[in-house]
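Please read the following note with the model open beside you. It is written for someone meeting this structure for the first time.

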Amino acid sequence: MASHFFKNICIYGAGALGGSIAAKLATGLKGQADVSVVARGAHLASIREHGLRVWEAGASGPVEARVIATDDPSELPRQDLVITGLKGHQLAAAASGMATLLHPGTRVVMILNGIPWWYFHRDRQSSYAETQFEELDPGGALWRQLGPERVIGCVAYQGAEVINPGEIKLSNNGRYVLGEPSDEHSTDIEAISALLTQAGLNITISPNIRNEIWNKLLGNAAFNPISALTRALMSEIMVDPGLSKMVAQVMNEVKAVGEALGARFALSIEERVEQSKAIGPVRTSMLQDLLAGKSLEITPLVGMVVSLGRLAGIATPTSETILALVTQLDRQTQLHGATTA
Ligand SMILES: NC(=O)C1=CN([C@@H]2O[C@H](COP(=O)(O)OP(=O)(O)OC[C@H]3O[C@@H](n4cnc5c(N)ncnc54)[C@H](OP(=O)(O)O)[C@@H]3O)[C@@H](O)[C@H]2O)C=CC1
Ligand SMILES: CC(C)(CO)C(=O)C(=O)O
């Protein structure tokens with residue numbers, strides 16, 4: 001589909017992950033492509049003035065990268081590749097902006113935690129193929145204006161945080177898993193993987209991106225909302241007997257729903273819980289957003305476990321309780337700010 005000559009590359013939503021990837025592309029491709037970002041507010045102003053500053057894990061200083069930066073995508077030329085770094089609940093509002101960047105061959109790599117809006121596109125194993133979700137994509141704006149056929153799924157194993165406007169800190173070396181919704185090993189995905197690898201990113205191509213999504217969701221459906229509700233780091237959650245039990249309960253629900261929809265899990269829940277104990281003092285992205293007074297990525301991470309559970313006939317009582325609590329927390333934070341919520 002794409003030309004495999006990526007002259008114009010835009011990172012739409014240059015936050016923690018998007019911004020760090022934009023910096024890698026701008027420095028690693030050494031001028032071979034025009035790298036632009038769509039950002040907003042103080043973050044955009046700082047990127048324009050000072051460039052992106054990215055602290056690699058353990059580095060003594062930031063890497064600086066100059067990129068074309070705007071909050072108005074219609075100022076940019078049509079793009080050969082768009083990489084989205086928006087949160088799942090921010091995508092629909094950006095659908096028309098993203099659509100202005102597309103030409104017939106543009107592919108869109110979507111870095112997301114949780115169940116994405118395109119989940120059932122070309123899911124040939126499922127009786128739900130092409131089912132759309134109003135709660136992820138109100139009015140079908142993404143489906144219509146972007147088109148699920150452009151999407152390449154991306155699951156990120158990279159801890160990252162915007163620590164100041166224009167400045168991003170990475171907490172590990174990170175890796176990214178790409179996959180076509182059709183699970184095909186296409187020439188597009190091969191070319192995009194090669195490009196991102198050339199820029200210095202650790203990329204693998206998955207033969208089953210939905211499995212990757214579910215395996216990652218085990219952690220995010222549990223840790224992200226529990227950390228927002230308690231303001232605890234992942235390590236603090238895991239040493240609390242009540243909270244670590246709740247983590248295991250959510251993970252069991254996610255696994256049951258995923259398996260009912262055909263997903264395979266690499267580890268048992270006991271093994272996954274043990275693995276989580278080793279992660280350390282990480283502040284999840286949902287806790288970061290809460291502390292910054294931002295709205296929370298609830299639907300893709302928690303709401304969809306409950307919705308897909310209903311679809312598949314699997315009970316998800318712990319996730320339902322957490323969903324109600326974290327939804328109210330988000331509502332109160334948006335009304336009164338994070339400190340009084
Ligand atoms: N951070 C992490 O460690 C990890 C995150 N993930 C997942 O990756 C995805 C991206 O997360 P992350 O990088 O943390 O997200 P961030 O919140 O750091 O970045 C999103 C950026 O997009 C901006 N944005 C939102 N809407 C628009 C818009 N309409 N126009 C321009 N800019 C916009 C946001 O601005 P503003 O701040 O003003 O809203 C923010 O700068 C999420 O699904 C997340 O769950 C996965 C693994 C780890
Ligand atoms: C916690 C972490 C880094 C890994 O599960 C994550 O994915 C998030 O913060 O959203």
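Predicted model: local features only at pLDDT ≥ 70, side-chain atom pairs only at ≥ 80, totals over all residues.

1. Residues are numbered from 1 along each chain as its sequence is written, while chains are lettered from A and ligands numbered from 1 in the order in which they are written.

2. The domain assignment divides the protein into domain 1 (8-207) and domain 2 (211-334), such bounds being taken from an automatic or database domain assignment. The C-alpha centres of domain 1 and domain 2 are 23 Å apart, and the contact between them takes 22 residues from domain 1 and 20 residues from domain 2, where two residues are in contact if their C-beta atoms, placed from the backbone, lie within 7 Å. On the side of domain 1 that touches domain 2, the elements giving two or more residues are β8 and β11; helices (H or I, at least four residues) and strands (E, at least two) are DSSP runs, numbered from the N terminus. By class, that side of domain 1 has eight nonpolar, eleven polar and three charged residues, with Ala, Val, Leu, Ile, Met, Phe, Trp, Tyr, Cys and Pro counted as nonpolar, Asp, Glu, Lys and Arg as charged, and the others, Gly among them, as polar.

3. Around ligand 2 the residues are N113, G159, G219, N220, F223, N224, V282, T284 and S285. Helix α6 (residues 209-230) provides the largest share of this shell, four residues. By class, the shell around ligand 2 has two nonpolar and seven polar residues, and no charged residues.

4. Helix α1 has 13 residues and reaches 18 Å from its first C-alpha to its last, close to the 18 Å expected at 1.5 Å a residue, the expected span being 1.5 Å times one less than the number of residues. Eleven of the 13 residues of α1 are buried, so that the helix is mostly covered; a residue is buried if 20 or more other C-beta atoms lie within 10 Å of its own, exposed if 12 or fewer, and partly exposed in between, with C-beta atoms placed from the backbone. Among the buried residues of α1 are A16, L17 and K24. Just after α1, K30 takes a positive phi of about 50 degrees.

5. Which residues of α5 are buried? In α5 (residues 187-198) they are I189, I192, L195 and L196, and, seen down the helix axis, they fall within an arc of 125 degrees, so they line one face of the helix; the arc is that of the directions from the helix axis to the C-beta atoms. What covers these buried residues includes β6 (79-84), β7, β8 (151-157), β11 (175-179) and β12 (203-205), whereas T187 and A194, on the other side of α5, are exposed. After α5 comes G200, with a positive phi near 105 degrees.

6. Most residues other than glycine have a negative phi. In the loop between β7 (102-111) and α4 (141-145), R122 has a positive phi near 55 degrees and is partly exposed, with 16 other C-beta atoms within 10 Å. E130 lies in the loop between β7 and α4, has a positive phi near 70 degrees, and counts as exposed, with 12 C-beta neighbours inside 10 Å.

7. P181, in the loop between β11 and α5, is buried, with 20 other C-beta atoms within 10 Å. Leaving aside neighbours within four places in sequence, P181 is in contact with W118, H121, R122, P148, V151, G153 and I209. The C-alpha atoms of P181 and V151 are separated by 7.4 Å, although these residues are 30 apart along the chain.

Note on methods:
Near = placed C-beta within 6 Å.
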